[in-house]
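Here is a predicted model, to be read through questions and answers. Keep the sequence and the 3D view open.

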Amino acid sequence: MIRSVVRGVGGRLPTRVVDNDELALRLDTSDPWIRERTGIRQRHIAAEGELTSDLGAAAARLALERADLPPSRVDLVVVATSTPDNTFPATATAIQRKLALPPGPALDVQAVCAGFAYALTVADNFLRLGQATHALVIGAETFSRILDWTDRGTCVLFGDGAGAVLLRAERQAGTSADRGILATRLAADGRHYEQLYVDGGPSQGGPVGHLRMNGREVFRHAVHDLADVAAAVVADAGLSLAELDLLVPHQANLRIIEAVGRRLDLPPEKVVVTVDRHANTSAASIPLALDHAVAEGRLRPGHLVCATAMGGGFAWGAVLLRW
Ligand code: UT7
């Protein structure tokens with residue numbers, strides 16, 4: 001059977017780092033509060049004129065280089081983002097142009113913080129159906145543009161960045177020992193629409209708007225959604241949680257990540273944490289964390305890895321893959 005195998009991964013963070021102390025200069029907040037409640041120490045913020053597509057293209061370029069694949073071979077681009085360059089066309093087409101990729105399907109997927117799980121699943125389905133061979137899957141965000149910088153309850157939590165993977169369709173035996181994506185699970189429940197949303201948008205006729213969140217309610221759902229969907233996707237592949245080499249959870253809050261690890265009975269060394277340095281980069285958090293895990297030597301060929309994500313909608317999902 002055909003499997004979607006990760007052949008390269010790349011990440012890009014804006015140069016400018018804003019630490020908690022810098023935020024405390026302009027807001028009624030403090031480094032100890034932010035660190036204790038979230039684990040966040042700093043975040044990267046895009047420069048003026050630095051677009052989501054710039055970050056996404058840079059991450060994708062690295063993924064292509066590491067996959068040793070010329071851009072001309074890419075035949076699918078899927079971008080997970082909630083902060084597109086323009087309302088339309090898709091940021092995927094901006095990245096296609098910036099990387100001089102050949103014509104082919106290019107689309108954005110909008111599932112907020114669950115976006116990368118959704119995008120991987122969409123690309124995996126294209127590849128397994130034989131509709132594409134080399135897919136660039138990118139999570140790219142500039143959340144700093146949609147934050148209310150006077151709302152200390154939200155603006156301290158997010159950062160900008162992008163990550164990308166190059167997936168290649170490869171024929172495999174069809175067992176759980178295969179490399180590549182072994183199982184995917186997606187879900188959403190629109191009853192929670194108002195818990196985490198942006199208060200503007202094209203069909204409302206007003207400006208883009210700002211992020212609004214009921215943090216406690218999101219927190220409560222995040223822990224069990226992230227853990228339960230990860231457990232489900234591992235079971236779907238006929239494997240057990242004990243066999244996981246690495247869990248790559250969406251990076252929103254260290255307390256959420258630790259609670260998910262405990263719920264899944266995983267030791268801390270099997271759970272990737274980047275939220276301290278990156279803050280919450282929404283759809284970019286998982287590919288950035290994958291890039292980080294590879295750079296640290298924690299993610300090697302043959303490892304069983306589960307990426308799990310949850311965010312606005314609520315939308316959530318998990319992807320199980322053998323690296
Ligand atoms: O990607 C998915 C999206 N997001 C998430 O997963 C985030 C989920 N939620 C969270 O991470 C947490 O709920 C937060 C970090 C957002 C908030 O932590 P919390 O422990 O739920 O705090 P809280 O909202 O209940 O606020 C506690 C207190 C409040 O003061 P009072 O009412 O007790 O006097 C807040 O006004 O902390 C205050 N507070 C702050 N104080 C200093 C809220 N934000 C700040 C701040 N600095 N930045």
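**Helices, sheet and cavity**

Q: Which strands does helix α5 lie across, and at about what angle does it run to β4?
A: Helix α5 spans residues 115-128. It lies across β1, β4, β5, β6 and β7 (160-171). Its angle to β4 is about 165°.

Q: What is the strand order of the open sheet of five strands?
A: The edge strands, each pairing on one side only, are β1 (2-12) and β5 (106-109). The pairing is mixed, and the twist averages 20° from one strand to the next. The order is β1-β7-β6-β4-β5.

Q: Which residue in β6 is the bridge partner of Val78?
A: Strand β4 covers residues 76-80, and strand β6 covers residues 134-142. They pair in the parallel sense over five bridges. The partner of Val78 is Val137.

Q: Which strands does helix α4 touch?
A: Helix α4 (residues 91-98) packs on the sheet. Its direction makes about 135° with that of β5. The strands touched are β4, β5 and β6.

Q: Between which domains does the largest cavity lie, and why?
A: Both domains give residues to its lining, so the cavity lies between them. They are domain 1 (2-171) and domain 2 (180-322).

Definitions and conventions: Residues are numbered from 1 along each chain as its sequence is written. This is a predicted model: local features need pLDDT of at least 70, side-chain atom pairs count only at pLDDT 80 or more; totals for chains, interfaces and linings use all residues. Side-chain values use heavy atoms; hydrogens and water are left out. Two strands pair if DSSP finds at least two bridges between them. Helices (H or I, at least four residues) and strands (E, at least two) are DSSP runs, numbered from the N terminus. Axes are lines fitted to C-alpha atoms, for helices over the stretch in contact, and angles run from 0 to 180 degrees between N-to-C directions. Contact means heavy atoms within 4.5 Å. Domain bounds come from an automatic or database domain assignment.
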